[in-house]
Each structure stands twice: as C-alpha cells, then as structure tokens.
Amino acid sequence: MTTTPMAPLVPSFVQNSWWTPSDPAGGTSVLDANTGKPLATVNNDGMDLAKVVEYGRTVGQRELGKLSLHERALKLKELAQFLNERREEIYEISYRTGSTKIDSMVDIDGGIGVLFTFSSKGRRELPNSNVILDGPMEVLSRDGSFAGEHIYTRIPGVAAQINAFNFPVWGMLEKFAPAFIAGVPTIAKAATPTGYVAEAMVRLMVDSGILPEGSIQLISGSARTLLDVLDYRDMLSFTGSASTASSLKAHKNVIDGGVRFTSETDSLNAAILGPDAVTGTPEFDAFVKSVVTEMTVKAGQKCTAIRRVIVPAALVQDVVKAVGERIDSRVVIGDPRAEGVTMGALASLEQLRDVRCAVEEMIAAGGEIAYGTLDAPVIRTAEGETKTVDAGAFMSPLVLTWDDVKNQAVHNLEAFGPVSSVIGYADLDEAIELTAMGSGSLVATVCTNDADAARTLTTGIASHHGRVHMLNRETARSSTGHGAPVPHLVHGGPGRAGGGEELGGIRSVFHHMQRTAIQGSPNMLTAVTGVWHAGADRVIAGCDEFGAVEGAIHPFRKSLAELQIGDAFASPLREVTLAEITDFANETGDTFYAHTDAAAAEANPFFPGIVAHGYLLVSWAAGLFVQPAPGPVLANYGLENLRFITPVPDGDSIRVTLTAKKITPRVTDEYGEVAWDAVINNQDGEIVATYDVLTLVEKENTTYAN
Ligand code: NDP
C-alpha cells in the first residue's frame, strides 16, 4: 500500500446505500498481490460512524425483529443458495489477492457453507420464536406459585466485526451468520488489503434482496474510532494481530462501557507426531501431508496454520526431508491464474516484508533454515513463464529447525506466511510442555495411532487450545483438516489466540444474546416464554375427576390454528394386574426378575415386589390419552426426557395427563411440532413417570377435515 490514490474507490455500504467520501482525494492505494499494480483505493474520510451504529440499533434491530429465529434461519439458506450460484464472480476478484482457486474456495465456498450450516442448525436446534429457554424452571416457593428460570434474548445493539485480510469472505460470514440468526444487525469492517473482495460479496448480499434492511452494513477502509461509538448494547468481534487486539481490549468503552469484546488473534498452532508414527506408517504420511497443506494453502496466511511441528527427536530429520520432498513434488508457486499453480502470493508486499522480517528475527534467535530460501522464488507467471520476478508478494515455503527446542523465539514469533519450525521432543511430557509454550492456540493436531498416546497428548494440551484435531489412519482421508474450522465446532482459543469464540455451533448464536434470569408465577413464565410451565393454567378435557372442564375438546382434535399451550387431556385411572405384567413379560421377552420373580423383586431395595415394566406403563398411557379418530395429529415422532419415578406394583392404578407444552410451526411445511408434557400418576397422586411426547400436527385441519 502507498498513500497515492491511483485506482477506483472501494465503496462502503452504510445506512442502506453505497457510500464514498465527497472528496475522493487521499486514501490508501491497494495493490494486486501478484503484479504489484494499483487495484483500488480505500478511503472513508468523513463517514459518521455514530450514525452507522445508530442505524443498526434502530432500523436493523426493528427489521430483524419482525422475523422469528426460524424465519431468519430460512433466509440464510436462501441467501446461501443465491450466493452459491454467483460465486465464480467472487473467485475472479479473489485471484488478485494472491489466492489460488483452492484458496478462494476455502474462503468463499467456506463462507457460504457457514450460512447453510447455521440455517439448518438454527431451524433444528432453536425454537421458532425470539425467546430461548436456558435450562429448567427452578421452583422457588413451597406452594409452587413462585419460580425462576433463564432466558436468552438478543442484545439490543449491533454486532460489529473488524476483520483480517486473509479471509475477506469467510471471516465476515462466520460472524454474520450467528448474529443474523440471533436477530442482531452486523457492521462489518473489512481489512484494507482485501476489502474489495468483501465489498463484492456484500454487494451480492444486498442485491439479493433477501436480507431485511439494516441486516448488514460494510465499512471499507479503516475504522479507528468505531469503538468510541459502541456501548454495552453492542458487541465487537475482532480478528487480526494480537497487538491490535490488545489495544482494542484496553479501550475505555470495553473496560468501562461494557462493549462485549471477543478476539481471535494469531497463534502458534502445533502439530504433534506420536512416538509410534515413524517413517513408513500411514500416520507419518498423513502428518507430512497436513504440514505441507497448512504451510501452502493461502500461502500460510491462516490463523490456524501449523507453525510448530513437534516430533520425536529422532524423527526431526525424517520429517524435514519428507516435508521438503512433498513441497518439491507438489507445490508450484506463481500467479494463481496460471495453469498448475498451487501456491499464490502473500496478500500484499507489506505482508511479504513482515514475514521476511519475522523469519530473520527467528534466525537471529537461533533458528536455522532447513528447507527453502529467503531469496525471491522462481514462479510461474500468468503468461505461463517460469522465472524470478521483482513484482508480486511471492515467497518460498520455509522450514526451520532449532537446537534449543525451548527457545522462546520458536514459541513466540509468528511468521504469518509459508513458514514452519520442526522441533524434537524427548517424551510425551515434553511434547505437552512444548505445545503449551505457545501460550494458548486455536488448534493443534495430535497424530498417532496409539490410543494411550492420543489420550495423554489430547488431555495434556486441550486446555491450551480451542480445538484438538486427532489424526490417524482412520481419519487420514475423511478429516476436514487441521486448519479448517467447521461451523459446528468452536473456532477460537485461549491466551494468545485471543480468548474468544467465533464459531461453535448454536452456542455462537448465544454470544449475540443476553442470558437473563426471570422470576414469577408459572403463568407469567408461560406468557413470557411461550412454553407451558408446570403449575400454569390449563384447559383440561377428559376425566372430570381430574380437573376436566365441561365442553373442553380433546387437544388431539385441534389443528395448530386452534391449539393453545395449556390445552390438556386427563385420563381416568386404569388398574394394573399381575396377569398383564406377566403377559407383557412373556410377549416382549423382557422377563427381568423385577417383573417375574417375586422373591428376587422383594429383595431389591427399589421395588416392593413385582412391578410393572416402565414401557408397559408408557404404552398404557398412550392408550389412555389417545384420541384415535383420524385428525390433525399426523405422527408421534418420539419421547424426550423419560424418567420412571415411582414403581407400580400390581393392584395399583395409573392415569396420565397430557398438556400442550410447546408449539413450533414449521416455516416451510403445512404442519408443525407439538411437544406435550406427559405425567403418569398413581391412584395416590404420586408421580410415576414424566416425559415429553413429540408429535407433528397440521397447521389447518385439512387432511381429515370431514
Ligand atoms: P491488524 O491487527 O493490523 O489488522 C486487522 C484488522 O484490524 C484490520 O481490519 C485493520 O484495519 C484493523 N485495525 C488495525 N488497527 C486498528 C485499530 N486501532 N482500530 C480499529 N481497527 C484496527 O492485522 P493485519 O491484518 O495487519 O495482520 C497482521 C498480523 O496479524 C499478521 O501478520 C498475523 O500475524 C495476524 N493475523 C491473524 C489473523 C487471525 O485470523 N488470527 C488473520 C490475519 C492476520 P485496517 O485494514 O484499516 O488496518
């Protein structure tokens, strides 16, 4: 980058329109990573960041709040499909960052994949509302009239992101997806060197017309004062260098103002080779392949790349040799548009300079280059020529070795490029100690086919890491790889890795929500959450003796349009006989002694003698609550949380009460899910069993309307 503007301005998208400064002079010039030629100019002088944030807090919050969690999740799928069909456009732009097609796929397809994953997880794992329950109700008074529980609701501000240059698309979408599902508007600030790729992606997102207004705003260029206008209602997720993270973390609005701050910074990730994984084993080969992949994908500019290769001391030379041979035979450096190129340029000339400086510092501290050179590499140009060029941010992969494996430099200095160090350990304890010297990392690979070694290493290093990837012959082909964070699992790490968590399945949606304890009567808890709570009002049909209201309709006759939470059915009592227990034992083959052998059952401390099978009682309960005629209930798809509490000997009687607890209409179907609270009691009112019955119920009573 230089300070002379020479190319078109990269616009920002704020307050629902594309924005460039009224005076386009000045700004930062961004160069093509492959040719060093000016590509774009970035300048956002005069942007009113307070207004950008306020727009998110008002318009964005309002528009996103009109949709439920499921409706937003469905929109993510539509958006992912839309972007998927247009991703070639973004690949073309992405080449200019030095990325090969594979690198671009990691960034672009990976980002779109996150949208797909969150869409389906959101609809599967979250309720179709805007209040999420966290854990069970706690009864806080003797008579049950006062209780408490926890709920999640979205934070009232914006989800601001400050992103790194290496993954302009994935880095933005991995944060956008959970924020969007939570219902929180995003303000993305792209890194200057590759912000033009993020701009192209946001343009597609906006043009899709799928997102509610205010869902996303993009700041192209620097945003040094963004934290000044955030407060406790907002969150800021940062990805980049540890030093920038530290300065942001120390901002008064984080310390005193309560801005939720999470960071993901550079870490010195390790890969450990187990003592069993000697040359010639499938593990050795998988390990070497993984190291070379991590060194060369994105030219090593990955927050998850393997920087420290920790191997048995006797295998250091074998590993260096094998890594070098694999690079020689597989890696072609050059312009990513040229045929056959497998490793492109670093993202900018500044980045190349920084990486070379870091390597020189490592060498001065005791590292030795065991493979590769700091000289400009021979590359394949866009025209297909093979030569050394002055322009472009190309670099040879480098492997360093160290005499002193505890030299701080190998554990502290990061060259954010195709650079790794191989260091030897004496035993597993030392391997763990060396790995921990990274002071907290995003990910480590443990490569061994020895279960004991895998357990020792993984449990030894887990608390220093956000993710541990176990590699052996069973996973060599199926693993998603050391460096690939998947949306289902945590991406982040302790200590030097920033202490944040950007991904991690549905828990990353909760990062954008506030957990609040609420207290009140079961009726009020029901009203707030939309989920029926034990002790709240019900409209009971069925047996008068157990609270049925005259004229109440069996809830199985009601479609979702008619059904209300709290609609219930109470059965009469049914006696349990020894003959029926014996028949059930013989017919099912479940002749466990508690159901068949009186003496043995009596000797058991839990049973008064022969008792009915729990499954017999649950089956009878179904017979007691069912309304058999064809109607809106389409299917029973399971039970949840089944507990048998009081044993039922012959001569006792049971009854069941079924209450509509949670109603979840499916956004895409003509039916929805109803969870029914089921309680089986005995003749004395004691609770015999509790569980939830899960059914599918039509939205309108259409299939069997007559
Ligand atoms: P920086 O930390 O300098 O920049 C990262 C982002 O923060 C950019 O968007 C940058 O914006 C922004 N930024 C920088 N300073 C401030 C500030 N004071 N206030 C608000 N925003 C700020 O990292 P680089 O991108 O320059 O990369 C440097 C090093 O970071 C790499 O060599 C590598 O070690 C590490 N890194 C780690 C990554 C990870 O995923 N963990 C990813 C990429 C890099 P602007 O573009 O305007 O400078």
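1. The model is a predicted one. In this numbering, Gln-15 is placed in the loop between strand E1 (12-14) and strand E2 (17-19), and Asn-16 lies in the loop between E1 and E2 as well.

2. Most residues other than glycine have a negative phi. Gln-15, although not a glycine, has a positive phi of about 50°. Asn-16, also not a glycine, has a positive phi of about 70°. As to accessibility, Gln-15 is partly exposed, with a relative accessible area of 34%, and Asn-16 is partly exposed, with a relative accessible area of 40%.

3. Turning to the protein as a whole, there are 20 helices and 30 strands. Along the principal axes, the C-alpha atoms fill a box of roughly 90 × 65 × 50 Å. The protein has 706 residues, of which 55% are buried. When contacts between residues at least 6 apart in sequence are considered, 75% of them join residues at least 24 apart.

4. The surface and the charges may be described together. The protein exposes about 28,900 Å², and carbon and sulfur atoms supply 51% of this area. There are 56 positive and 85 negative charges, and the mean positions of the two sets are 6 Å apart.

5. Which residues come nearest to the ligand? They are Asn-163, Thr-192, Ser-241, Thr-244 and Glu-414, out of 24 residues around the ligand. For Thr-244, an N or O atom of the side chain is 2.7 Å from an oxygen atom of the ligand. The side chain of Lys-189 likewise has an N or O atom at 3.0 Å from an oxygen atom of the ligand. Thr-265 takes part through its backbone, with an N or O atom 3.3 Å from a nitrogen atom of the ligand.

6. On its own the ligand has 880 Å² of accessible area, and the protein covers 82% of it. Strand E10 (235-240), helix H7 (242-249) and strand E11 (260-265) are the elements that give two or more residues to the shell around the ligand. The largest share of that shell comes from E10, with three residues.

7. Is Gln-61 buried or exposed? Gln-61 counts as buried because its relative accessibility is 8%, which falls under the 20% limit. Leaving aside residues up to four places away in sequence, Gln-61 touches Gly-56, Arg-154, Ile-155, Pro-156, Gly-157, Gly-183, Val-184 and Pro-185.

8. Helix H13 (residues 428-436) has as its buried residues Leu-428, Glu-430, Ala-431, Ile-432, Leu-434 and Thr-435. Against which elements do the buried residues of H13 pack? The strands are E12 (269-273), E13 (306-312), E18 (419-425) and E20 (465-471), and the helices are H12 (408-412) and H14 (451-461).

9. His-465 is placed in strand E20, one of the elements against which the buried residues of H13 pack. His-465 counts as buried, at 9% relative accessibility. Residues up to four places away in sequence not being counted, His-465 touches Thr-435, Ser-441, Leu-442, Val-443, Ala-444 and Pro-494; Thr-435 is itself one of the buried residues of H13. A polar atom of the His-465 side chain lies 2.8 Å from the backbone oxygen of Ile-461. Between His-465 and Arg-496, 31 residues apart in sequence, the C-alpha to C-alpha distance is 10.0 Å.

10. The last point concerns Phe-592, which lies in the loop between helix H17 (578-588) and helix H18 (593-596). The C-alpha atoms of Phe-592 and His-613 are separated by 9.1 Å, and the two residues are 21 residues apart along the chain.

Conventions
Residues numbered from 1 in each chain as written. Predicted model: local features only at pLDDT ≥ 70, side-chain atom pairs only at ≥ 80, totals over all residues. Heavy atoms only, no water. Helix = DSSP H or I, 4+ residues; strand = E, 2+ residues; numbered from the N terminus. Buried < 20%, exposed > 50% of the residue type's maximum accessible area, 1.4 Å probe, protein only. Contact = heavy atoms within 4.5 Å. Areas by Shrake-Rupley, 256 points an atom, 1.4 Å probe, with all protein chains shown as cover. Lys, Arg positive; Asp, Glu negative; His and termini not counted. Charge placed at Lys NZ, Arg CZ, Asp CG, Glu CD. Near = heavy atom within 4 Å. Polar contact = N/O pair within 3.5 Å; in protein donor to acceptor, adjacent residues only side chain to side chain.
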